[in-house]
Amino acid sequence: MSITKLVRSNGFKPIPNFVRSSLRNACVESNQNTDAPYRPKKHHILATNLILSYFKKGLVEEARSLFDEMPERDVVAWTAMITGYASSEYNARAWDCFREMLRQGTDPNEFTLSSVLKSCRNMKVLACGGLVHGFVVKLGMEGSLYVDNALVNMYATCSTTMEAACSIFRGIKVKNDVTWTTLITGFTHLGDGIGGLKMYKQMLLENADVTPYCITIAVRASASVDSVTTGKQIHASVIKHGFQSNLPVMNSILDLYCRCGYLLEAKRHFHEMEDRDLITWNTLISELERSDSSEALMMFQRFESRGFVPNCYTFTSLVAACANIAALNCGQQLHGRIYRRGFNKNVELANALIDMYAKCGDIPDSQRVFGEIAERRNLVSWTSMMIGYGSHGYGEEAVEIFDKMVSSGIRPDRIVFMAVLSACRHAGLVEKGLKYFKVIESEYGINPDQDIYNCVVDLLGRAGKIGEAYELVEKMPFKPDESTWGAILGACKAHKHTGLISRLAASKVMELKPRMVGTYVMLSYIYAAEGRWGDFARVRKMMKMMGNKKEAGMSWIEVENQVFSFAVSDKSCPNADSVYSVLDLLIEETREAGYVPDLESLVHDQEVGT
């Protein structure tokens, strides 16, 4: 293949201008018989450079076509193809190219091996990586730092343990920052944050160079094991090394404080940061969504006032915040903005909207969003809709959607079964619930945990099948806990069941020294119903001595885009007098309508501190 043919060929478009000029100059100079000091490159070297240029431009097929026309292919040309494929995420083609190279009789060099190991890592195929390791040993390249680092990375990613990666690591005589960072990353990604932190400590002891990326991984390892103490030490080393201006490092520290639940430290760190990006804001808003949803919404206002544009992750946190405080109007406004930005096709965001509308009591809008993602639904989509139906008493609809999900080919998990069983429990669908309970293990291979057993016990108890519920408790592969016996006591109370089962349940729950005030409440009812006034008085005395108070029920109301929360006897509202005057009018009207309050329950609730 001549240079002239290469330049004039119409089969490779577009050729970058700087490459075209280089080729033309080479063509002219190759036709001039001069003694100039510049010697034009050989044809196969120019073709290799052009292949690399094509890959940089994303022209993968053009690179391959040119490679196929090359009459001479040395290890550099093969390496260019393998490296190009690996860098373009064509990992399977990189592997095939490596095999073809070996069949052609060309031995790989250290750059070839490191590139193909990268593809093996990306494909997560340990067998392929092992074969390459064999070539490394055969060719005597174990001492190459490029190859050794690539082997550590491949084994750390493809193996289920770090044993092989550590074995390679120990054999490296001179380690660089990439070596240490690769091993720390491997431990962290496998969920062994403690192992990652041990390697980071060892790196410091050996006076290895500390890079911003290495610190980021070490911080992530600290967050994975909730070690905020270690995280603070790393934060101090960030200041020591002068990395305060490195945004990824500072973002990782913010994420550490958020994940470990240190909100005050997270806020202080946020305000001290020299620079912030979208990730910074999203991290803090996400944490506020979990701890203080109203503040998350206010933080979003500051976010926009600084000129930042929300992405799908931002909206997902905000929609979840609206769900937490039942701020329907705010959620609807966010939904409109999601549509305007074209994010309505994002499944995670749609799932958040389904959950938000359901928690706000707007099941029709939950259904509408669920219907809009009919072709893209995942397990979370079905589960969110199922939970929404179940929590509002739409048991039949929850069962129907469960059956549709299974028929669509999506395999249910433990959370899905909890959702459908809870829906059956609230709707009194005993037979349906028992049917699902029987197939959990036999058809889906899921071992029911204690929560599922407790749910089925409650399902039977609510339906008045107290004897069957008790039999199930006896057959449980777990030791019944307070929730288990609480479900039995609740069933006995609801169906006014007095007898052996209620006495046994009361005895068992007292042995557990219950911590939930609701359990004491049911015990007192059981004892009162059986006329066991001594036991009744003892339970009430225990409640008072332990200082148990029933958790106050909270309600929310949205007024002019602001969400206000309140509880029973709450007078913190500035307009409390007006609110209570309206309530007095409502109480008067209900009395006139013939409503008779349950004074016994009212007195009881006052006694337990509601």
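Author: On a 1 Å grid over the protein atoms alone, a cavity is a set of points where a 1.4 Å probe fits but cannot get out, and its lining residues have an atom within 4 Å of a point. Grid points are joined across faces, edges and corners, and a volume is the space filled by probe spheres set on the points. This is a predicted model: local features need pLDDT of at least 70 and side-chain atom pairs count only at pLDDT 80 or more, while totals for chains, interfaces and linings use all residues. Residues are numbered from 1 along each chain as its sequence is written, and side-chain values use heavy atoms, leaving out hydrogens and water.

Reader: How does its lining divide by class?

Author: Ala, Val, Leu, Ile, Met, Phe, Trp, Tyr, Cys and Pro count as nonpolar, Asp, Glu, Lys and Arg as charged, and the others, Gly among them, as polar. For the second largest cavity, the division is 3 nonpolar, 2 polar and 2 charged.

Reader: Which element gives the largest share of the lining of the largest cavity?

Author: The largest cavity holds about 50 Å³ and is lined by His 335, Ile 338, Tyr 339, Asn 344, Ala 350, Leu 353, Val 369, Glu 372 and Ile 373. Two or more lining residues come from each of helix H20 (328–340), helix H21 (347–359) and helix H22 (363–372); helices are DSSP runs (H or I, at least four residues), numbered from the N terminus. The largest share, 3 residues, belongs to H20.

Reader: Within what arc do the buried residues of H22 fall?

Author: Buried means under 20% relative accessible area, exposed over 50%, and partly exposed in between (1.4 Å probe, protein chains only). In H22 the buried residues are Ile 363, Asp 365, Ser 366, Val 369 and Phe 370. They line one face of the helix, because the directions from the helix axis to their C-beta atoms fall within an arc of 160°.

Reader: Which helices are included in what covers these buried residues of H22?

Author: The cover is judged by contact, that is, heavy atoms within 4.5 Å. It includes H20, H21, helix H23 (379–391) and helix H24 (395–407).

Reader: Is Thr 519 buried or exposed?

Author: Thr 519 is found in helix H31 (residues 517–529). Its C-alpha atom is separated by 8.5 Å from that of Gly 490, 29 residues apart along the chain. With a relative accessibility of 2%, Thr 519 is buried.

Reader: What relative accessible area does Arg 503 have?

Author: Arg 503 is found in helix H30 (residues 500–511). The C-alpha atoms of Arg 503 and Cys 492, 11 residues apart along the chain, are 9.8 Å apart. Arg 503 is partly exposed, at 41%.

Reader: What is the average pLDDT of the protein chain?

Author: The pLDDT is the predictor's confidence in each residue, from 0 to 100. It stays under 50 over residues 1–12, and over residues 599–610 it is likewise below 50. Where pLDDT is low, the predicted coordinates should not be read in detail. In the protein chain, 83% of the residues score at least 70, and the average is 85.

Conventions:
On a 1 Å grid over the protein atoms alone, a cavity is a set of points where a 1.4 Å probe fits but cannot get out, and a pocket is an open set with protein on both sides within 12 Å along at least five of seven lines; lining residues have an atom within 4 Å of a point.
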